[in-house]
Amino acid sequence: MSTDEQFVESLTAALRTETAGVQAPPTLAATVRRRHRRQVWTTRALGITPVAVLAAAAIAVAAGGAPGAGQRGSTAGGADPAPGMRTVGQVTAQTDAALAKGDDYVVHSTSGAGRQVTSEVWTDPAAGRQRQDSTTANGERVNSVLTEGSAEHGWTVLVINHEDSTWWTAQRPAPSDEPDQGITLTAQDTPEQIRAALRAGSLALVGDEQVNGTDAIHLRVAQPAAGLPLEIDLWVDATTYLPCRSSVAKRGQAQIIDYSWLPRTAEHLAKVRLAAPAEYTHLADGPVSTAPAGPAGAAG
Amino acid sequence: MATATPEVGVPTGVKVDASFDAFVGARSTGLLRTAYLLTGDHGHAEDLLQTALLRAARHWRRAREAPEAYVRKILVNLSRDRIRLLRRRPREAPLPDGLDRHATGTGADEHLAEQHRMARALARLPARQRQVVVLRFFNDLSVAHTAELIGCSEGTVKSYTARALTQLRLILAETTPATADGTGQAATNPSFTAQRLRGRKPAHVNR
């Protein structure tokens, strides 16, 4: 055996001896599970608890359980919190609940205002269908993309390139879990994706503001891991608690997305459809390496 | 589609099933030892392991296919910053130097002291070199696997390995207790002498 081999053998033995007394605590799995639960519930705990307390209070008041209720009779209608009592917990819970019903709407989002290319996205979350149109600042159409499918089963993508009048279709497989790169929001996010992003972080109440003439509540989304470069702001409608604007900023450059939540009328559902113009050329295999990656990463 | 074991208290969609507990129970000591060697500090090692397991739990659906590799990769990534941080800050309660000096003790004492010196020498290596040593010689990973974990080429791993082993020999030579003849070399193990090996590329580099 060479001295090199002896040295490595000694090294290995030394490392094993050095660590022989190191034992993981038997409660480690339970500790991690507890931390995991706490992390998952953080956002919801902030939100659900106050709402649950308020609901319980409302039930108690309605049932005559509140102090003095016996004298004054039922005061169920008086359980509404005062406007000045709004908490981040309430707003979080209301926003989460509103987004949970996102399938009831057709979502229209726009982004890139003031940039060279703007993007307009129509999403029908109930049908798993999304259309995105990209347009230059001069009003020239760049491309249109229709994505249909689900994260479980993959997507079928129709891409229309208006610049060279071609179109093609592609199949995109369901992705593996997303890498842990923090939270962000894009114009292509479905209501459920927005909801998941908000749950992954935690919200802070900034204040009441107006967005496009609508009363809105300004929230700031904290990244779960400190030090991530994205700063995310979210404005939710003060009445419906659905997002009406988001801003994702990195190094001072902000991407603003405006959202509209529209009823599922025939008119709005028609916006989520796309067909290639007859005069366009069909590319059987599509161009190499230019097809979009899926709904959340569609071209544009 | 595989169904996860339902768990009370965890929201729908957070799929951390019983296999997570089984994995932690079976492999956490080994991973903690790796973390300990990477950081050289028991408290930081536990902290890193908890963080890594927490991330694995968050992505358990993906992680459970190869949970040990998944957690080990996170440990390696987390340890790099931690090692740098630790090197910039005073360490917690270092052992007095005298504890290493067992040259005049029994053979068993000498052996233990020698092994402890090796671990102490490891803690003085730069982050990358330390990672390579731990992954290759403690976890017994191949050059290719180590390169994948660290995120560099196999050639770089070989280079780090060579440098780390040379550096370890030098550190050990510096810290080897004086012998009766005053040479400063541990005569019982000639491989620990730095002078003869300085500048040579160890054969194990290419394993």
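**Exercise 1.** Find the residues with the most contacts inside the largest nonpolar core, and say where this core lies.

*Solution.* Start with the term: a nonpolar core is a set of buried Ala, Val, Leu, Ile, Met, Phe, Trp, Tyr and Cys residues joined through C-beta atoms within 7 Å. Buried means that 20 or more other C-beta atoms lie within 10 Å of the residue's own, with C-beta atoms placed from the backbone. The largest core here has 54 residues, and B:Ala35, B:Leu49, B:Ala52 and B:Leu75 have the most contacts inside it. Next, look at who contributes: H1(B) gives the largest share, nine residues. Helices are DSSP runs of H or I, at least four residues, numbered from the N terminus. Finally, domain 1 (15–92) and domain 2 (103–207) of chain B both supply residues, so the core sits between them; the domain bounds come from an automatic or database assignment.

The model is predicted: local features need pLDDT of at least 70 and side-chain atom pairs 80 or more, while totals for chains, interfaces and linings use all residues. Residues are numbered from 1 along each chain as its sequence is written, and chains are lettered from A and ligands numbered from 1 in the order written.

**Exercise 2.** List what B:Leu75 touches, leaving aside neighbours within four places in sequence.

*Solution.* Contact means C-beta atoms, placed from the backbone, within 7 Å. Checking B:Leu75 gives B:Leu31, B:Thr34, B:Ala35 and B:Leu38, then B:Leu48, B:Leu49 and B:Ala52.

**Exercise 3.** Work out which residues of H1(B) and H6(B) meet.

*Solution.* From H1(B), take B:Thr34, B:Leu37 and B:Leu38; they meet B:Arg130, B:Gln131, B:Val134 and B:Phe138 in H6(B).

Key
Two residues are in contact if their C-beta atoms, placed from the backbone, lie within 7 Å. Helices (H or I, at least four residues) and strands (E, at least two) are DSSP runs, numbered from the N terminus. A residue is buried if 20 or more other C-beta atoms lie within 10 Å of its own, exposed if 12 or fewer, and partly exposed in between; C-beta atoms are placed from the backbone.
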